[in-house]
Every structure is written in structure tokens, then in C-alpha cells.
Amino acid sequence: MPSPIQVVALLKAQNIRHVRLYDADRAMLHALANTGIRVTVSVPNEQLLGIGQSNATAANWVARNVIAHVPATNITAIAVGSEILTTLPNAAPVLVSALKFIHSALVASNLDGQIKVSTPQSSSIILDSFPPSQAFFNRSWDPVMVPLLKFLQSTRSYFMLNVYPYYDYMQSNGVIPLDYALFRPLPPNKEAVDANTLLHYTNVFDAIVDAAYFSMSYLNFTNIPIFVTESGWPSKGDSSEPDATLDNANTYNSNLIRHVLNNSGTPKHPGIVVSTYIYELYNEDSRPGPVSEKNWGLFDANSMPIYTLHLTGAGTLLSNDTTNQTFCVAKESADPKMLQAALDWACGPGKVDCTFLLQGQPCYEPNNVVAHSTYAFNAYFQKMVKSPGTCDFKGVATITTSDPSHGSCIFPGSSGRNGSFPNTTSLAPSSNSSTSGCHSVYFYGAGSFTTSVIIGVLLMSMVCL
């Protein structure tokens, strides 16, 4: 994997201003010094028991991993453990103590005003998550959840929640439509409606976040904001994960970014932005488990983009491909009849100029449905400014960074020839990326540096309070 210095170089090149570390690695914290990048450090699960049982151990952790690095390194939050209630339940009884001990150490150093303390939880602790208005936390965790929420409320911190519509979709046995999980537009009659509140839900993400809000209100906590510490979509999977694809990962993350940045909030709390980390920065080739577990990254180990995120009318996001050369091509394994139907649509209702495919024209050869569909699909994709979901065609198309041009057949988007593409700029935000000056965008990612250190970069939009 890249060294800490190389990682920070990538963050700066992409203008990423917020990063989460799954540890408090000294080399990473030194590399991040004097960059201005806001950093969330983490207490690894294996250290939680010691910190939760000893105020002195917690104070030593803060001294070594926080105080020793500020103010040069801009540490703004501490994530204590990760999904403790579901992954390390034997440590649950000391979780709140760990939070309090760490916060006390920050207070003693006069850092509590700038550094928040919280703990990420899995959304699986929420039961009966739809309709959201009937959701509640697993009652067996009330002895931990109630004092946890009291701590977050008293310290003006936020509830950290990991939200993965991919897994909700995979585990729904077909009940959840793919478009609903990917933020794709739904006709009104396909939207999910909470019968108790009559609120309409157009995506899984909002429904889960509101389920958490309702779960907190069930315990009489109504003023704790939610901070999504993990969300994303894998770009590759095994035979049992057919929807872990480049196009779906691109679509989900691009639509998530747009959803966060438009400040729409959720149906329960419209206009209240849900700050969100995108999982993750790097693929993890050595990670055990299904193929998808290795393929959540935006970049590979060589810092090359796995795919290029795009937002309509706003350019390219998180890519070192300065030419913006991504293309939409037909899948060679696709059903020829489905390809032909998609080709007919692109050249008809899709209003693609298909004259280059006529006999005697540059892209007539090879004269087969795969080649012709590839040209038409890509022309539509470029025409739609590479908007998420415009390279799908009912599953027979996919995105590639390989230029499909051949001979005198130059595809739209190819080096600016035979068609043009819009001027592109990095959307990975800068300090002046919003008109109000109160919003920032962050990206969240992970990649191993040692066996115990993982870095995460956050994508989020935060409203100034």
C-alpha cells in the first residue's frame, strides 16, 4: 500500500479536507501535520477494554495519540471503537466509560471544545427499520444506549452510524428494488411511504437515517445529530454478488454525494444535512471474505482511480484522470436481443446521432450489434455528461477507462475528437467550495498500512452550527 506521505499527497491532490484514521498511527499523523486536513482518529476495538476500565489508560492514550500531535495536526474527532455492540459485545459494558474517560482527558487539556468524542454503530442495532416511524434500537442494548445518548447530548456530540444500503438490498431477497438502493429516481407509485407519518422515501439511505432518528426519539432523545461514518458500494463481487459492479458503485457514490450536497436532509428532518463518510479510499486486496470486501475503494494500491465519480454539470470528482476519459461500452456477454433493443432506443428516443454507424461511415465496421451498441451507448453517456445511471441500458452496458475508438472511428469523449466533453474540475472540495462558507465535502476510505493501521477518508457535507 502507499506510504503515509504518498497517501497525504493523494489527499492534497484531490483536495480532500477531512480524513478518518481507523487508528492513530503516528506516521500518518505526522504526514498530515500542517496540511489543514481535519482528522478523525480512532481507538481500535482491541484497546477499548483497557481504556474503558482505566481513566489513566485513557489519559495516556489521549496524550500519546492526540495531545502530542495538535495543533500541527488538525484532529477534530475521536471515534471510540467500531460497531462495538455487534462485533465486540463483551466490551459493551465499558463503552460509555471509555467515552467519558477520553472526554475527561480532553477537558483537562482544554481540547474538548474542538474535538468531539463518539462511537460508530452498525445500523443493524435498529430493529423494524421500516416504516422508520416504528423503528427502535434493540432493547437488549438499552443499558448501554441510554447512557451513550446522554453522553452525546451532554457533550454536544453526534451519533455515529454506519449505513450500507448495499447490504440491506442484498439481504432483502428482492423486496428492496436496486434503484431504491442506488438513489435512482422512482415514479411516485414506487416510493416507499411510512403509513404513520405519510412521509415518502425515495432511497434506502434516508429511510435508515430516519429510522435511527425515530429510534433515538423512542428513548426521548430528539436533539442529537446523526453522522454517517461509513457508506458506499463495492465495485466488484463474486458470483453471488452480481450487483457489486463498477457502474453501481459509481451510481451510488455519485448520487450519495449529490444527495448530501443538495442539503435536502431526510424526510423526517428536511434541510438538516447528514454528514457522511464514503467508504473507502483504497481497495484492500488482502482483506479476507467475499470478493466485494476487497473492492470498496475509490483507488487501487497505486493510487489509480477504480472509476471516476461524476456529477451532472459539475465535472469530475476524485480522479487523477485529467482528460476525463471514461467511456460506456456494451458488455460482450450481453444478450444480443437486449443489446439490439437498447441500441434501437439510443438511436431513437435517446436522440443519439447514429449516422456514424451507417454503411460507408467510419464506425460501420465491425458490423455487429456489440460494436454498434458500444458506439451508441457511449454517445448517449457522453451526451448526458456521464451522469450516474446513464451507462446501464438495463444491465447490458458498463463503464471503462479504455478508449474504444478504432481506426477512423473516433468515439465521443476521446481526446476531445469527434464530439466534445465538458470542462471538468475536481469537486473534491476546497475551503471555498460552498457559497455560504459553512459546507465542506469529505471522502472516506480505507487502506492498510500495517496489519493494525487502516486509514479512512471521509466524504461528508457539514453544516456550521
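In the predicted model described here, Arg20 lies over the face of Tyr22, at 4.3 Å from the ring centre, where a charge is taken to sit over a ring if NZ of Lys or CZ of Arg is within 6 Å of the ring centre and within 35 degrees of the ring normal. A further case involves Lys268, whose charged end sits over the ring of Phe214 at 4.2 Å from its centre. Residues are numbered from 1 along each chain as its sequence is written, and side-chain values use heavy atoms, with hydrogens and water left out. As the model is predicted, local features need pLDDT of at least 70 and side-chain atom pairs count only at pLDDT 80 or more, whereas totals for chains, interfaces and linings use all residues.

The protein chain contains 13 helices and 17 strands, these being DSSP runs numbered from the N terminus (helices are H or I with at least four residues, strands are E with at least two). Of its 465 residues, 54% count as buried; buried means under 20% relative accessible area, exposed means over 50%, and partly exposed lies in between, with a 1.4 Å probe and protein chains only. Among contacts (heavy atoms within 4.5 Å) between residues at least 6 apart in sequence, 67% join residues at least 24 apart.

Strands of a sheet pair through backbone hydrogen bonds, either parallel or antiparallel. Here two strands are said to pair if DSSP finds at least two bridges between them. Strand 3 (residues 74-80) is mostly covered, as five of its seven residues are buried. On the one hand, strand 3 is joined by six bridges to strand 2 (residues 38-43), with the two running parallel, and Thr40 has Ala77 as its bridge partner in strand 3. On the other hand, three bridges join strand 3 to strand 4 (residues 116-118), again in the parallel sense, and the bridge partner of Ala79 in strand 4 is Ser118. Thr76, which also lies in strand 3, touches Arg38, Val39, Gln114, Ile115 and Lys116 when residues up to four places away in sequence are not counted. Although Thr76 and Lys116 are 40 residues apart along the chain, their C-alpha atoms are separated by 6.4 Å.

Three strands form an open sheet in the order 5-8-11, with parallel pairing. Its edge strands, each pairing on one side only, are strand 5 (121-122) and strand 11 (226-230). Strand 5 pairs with strand 8 (residues 159-162) over two bridges in the parallel sense, and Ser122 stands opposite Asn162 in strand 8. Helix 10 (residues 204-218) lies across strand 8 and strand 11, and runs at about 130 degrees to strand 11; such angles run from 0 to 180 degrees between N-to-C directions, with axes being lines fitted to C-alpha atoms, for helices over the stretch in contact.

In soluble globular proteins, nonpolar side chains tend to be buried together. A nonpolar core is defined as a set of buried Ala, Val, Leu, Ile, Met, Phe, Trp, Tyr and Cys residues joined through side-chain atoms within 4.5 Å. The largest such core has 100 residues, and those with the most contacts inside it are Val41, Val66, Ile78, Val80, Leu149 and Phe159. Helix 10 supplies the largest share of this core, ten residues. Leaving aside neighbours within four places in sequence, Leu149 is in contact with Phe137, Phe159, Met216, Leu219, Phe221 and Ile224. A second, separate core of 24 residues includes Cys328, Ala334, Cys354 and Phe377.

Rings of Phe, Tyr and Trp (its six-membered ring) pair if their centres lie within 6.5 Å, and planes under 30 degrees apart count as stacked, over 60 as edge-to-face and the rest as tilted. By this rule the count comes to 23 aromatic pairs. One of them, formed by Tyr164 and Tyr167, is edge-to-face, with 5.6 Å centre to centre and 70 degrees between the planes. Tyr164 is buried because its relative accessible area is 11%, whereas Tyr167, at 26% relative accessibility, counts as partly exposed. The rings of Tyr167 and Trp296 have their centres 5.7 Å apart and their planes at 40 degrees, so this pair is tilted. It links distant parts of the chain, 129 residues apart, with Tyr167 in helix 8 (residues 165-170) and Trp296 in the loop between helix 11 (246-261) and strand 12 (309-311). Trp296, at 2% relative accessibility, counts as buried. Ring pairs join Tyr164, Tyr167 and Trp296 into a cluster that also includes Phe183, Phe205 and Trp233.
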